[in-house]
Amino acid sequence: MTADRIRRGLRRNWRRLAWLFAILGPGVITSNVDNDAGGIYTYSLCGARYGYSLLWVLLPVTVALIVVQEMCARMGTVTGKGLADLVREHFGLRVTFVIMMAVLLTNFGNAVAEFAGVASSLELFGISRYVSVPLGAAFVWWLVVFGSYKSVEKAFLVACLIYLAYPFSGLMAHPDWKAAIEGSVIPWMPMDLAGVSMVVGIVGTTIAPWMQFYLQSSVVEKESKVSDYGQLRLDVVLGSLMAVVVAFFIVVACAATLHREGIHEIASGADAALALAPLAGRYAGWLFAVGLANASLFAASILPLATAYSVCEGLGLEAGVDRSFGEAPEFYWLYTLLIVGSAGMILLPGAPLLRIILVSQIVNGVLLPVVLVFMLVLVNRESLMGRFTNGRVYNVVAMTTVVLLIALTGLLVVTSLWPGAAILPS
């Protein structure tokens, strides 16, 4: 009798686990891919410089991320159209063209940063960038061009699982959990320029314009129905929580090792992995490096894909992984050119990589508030959303989030241009 109960319990648990994996998709992928090379560097530098004291910033960032992502998922489900498509229909082609060109510029710079992350992380294992970058570029191109939406989504979800390397790396660093808990709940704000820039950078690396375009386009291509929206909302919430948990453990790992040993400056996420090895054990360093390589390659495939989606939808061109090259030539050619161009920059001697990345972040900062305002206008139009417009309480939360993000993003742009700003948030 007891054995039967155990078997029934195991079957129920497996069914629940299968159901959970079945609903995971655009929300989990979009949130996690933003823990890219630039994000890992920002979180690593935060832990190295300030220890556990800025962990509290992740709590309001989690709320903001869930609110913004949920609105996009809801619009995609109800309208069956991507965000760029809706902006073109409701605000005109000229406005859309300007936004798409800004998306193209900022995402190109971000893609360059991702291939830089691929190169630097695999160089820690003795693999030359002249091998890793071309092979990585070829792999992500092949995956999207010759795959279907379902196969690409499965590959991306597997990549999300590799982010578990960071919690393991953080645990192996033997952090001071009392200090970590205090840092998570007690707000403290550094008053110097570098400190303010760091806080803004954490926000800027967690919520980016490309995420909204990619998430909504993915929801549309997945053909999500209104009846599935409860599952899609859970996907968004789980994805946001997973992304912030990964960020938490990156900060914790570096606080427990680099900050504790007085190492307050690093030049990249690869530097953090290299420094972790003698302090937390070589396996912790390896896990950190593997996580960086995975995150960089993951983002290097998503960012060009998000760009191709948004630009083609905005200009009224065919777009989608489930379409063939002949059905959507502009979509696939743009994706191809972005990968070749961004990977090629890493292999070009003397290329101004930092300048490209910096300019992309400034454009990113200017673009984010604009995209969020358009989203709020669209999600509140009854003619478009019907009964799925924002409710009063939800609107207050969403608008407050947008106002705070506009203020923080404006500060991000100022500190990026300021000579004393010490980080390049993503």
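pLDDT is the predictor's confidence in each residue, on a scale from 0 to 100. The views below show a predicted model.

**Figure 1. Confidence along the predicted protein.** The average pLDDT of the protein is 79, and 82% of the residues score at least 70. Helix H10, residues 177-185, has the highest confidence, at a mean of 92. The lowest is found in helix H1, residues 2-23, where the mean is 55. Over residues 420-426 the pLDDT stays under 50, and for this stretch the model has 30 contacts beyond four places in sequence. Where pLDDT is low, the predicted coordinates should not be read in detail.

**Figure 2. The second largest cavity and its lining.** Rolling a probe the size of a water molecule over the atoms shows where empty space is left. Three cavities of 30 Å³ or more are present in the structure. Helix H13 contributes the most, with three residues. Sorted by class, the lining residues of the second largest cavity are six nonpolar, four polar and one charged.

**Figure 3. The aromatic pair of tyrosine 309 and phenylalanine 331.** A pair of aromatic rings is described by the distance of the centres and the angle of the planes. Twelve aromatic pairs are found in the whole structure. In the pair shown here, the ring centres of tyrosine 309 and phenylalanine 331 are 5.3 Å apart and the planes stand at 55 degrees, so the pair is tilted. Because tyrosine 309 belongs to helix H15 (residues 282-314) and phenylalanine 331 to helix H16 (residues 329-347), the pair ties together parts that are 22 residues apart in sequence. Tyrosine 309 has a relative accessibility of 2% and therefore counts as buried. Phenylalanine 331 is buried too, with a relative accessible area of 0%.

**Figure 4. The aromatic pair of phenylalanine 325 and tryptophan 333.** These two rings are 5.6 Å apart from centre to centre, with 80 degrees between their planes, and the pair is edge-to-face. Phenylalanine 325 has a relative accessible area of 31%, so this residue is partly exposed.

**Figure 5. A cluster of linked rings.** Trp210, Tyr214, Tyr309, Phe325, Phe331, Tyr332 and Trp333 are joined into a cluster by ring pairs.

Terms used: Residues numbered from 1 in each chain as written. Predicted model: local features only at pLDDT ≥ 70, side-chain atom pairs only at ≥ 80, totals over all residues. Heavy atoms only, no water. 1 Å grid on protein atoms, 1.4 Å probe; cavity = no way out; pocket = protein on both sides within 12 Å on 5 of 7 lines; lining within 4 Å. Points joined across faces, edges and corners; volume = space filled by probe spheres on them. Helix = DSSP H or I, 4+ residues; strand = E, 2+ residues; numbered from the N terminus. Nonpolar A, V, L, I, M, F, W, Y, C, P; charged D, E, K, R; others polar. Contact = heavy atoms within 4.5 Å. Phe/Tyr/Trp six-rings, centres within 6.5 Å; stacked < 30°, edge-to-face > 60°. Buried < 20%, exposed > 50% of the residue type's maximum accessible area, 1.4 Å probe, protein only.
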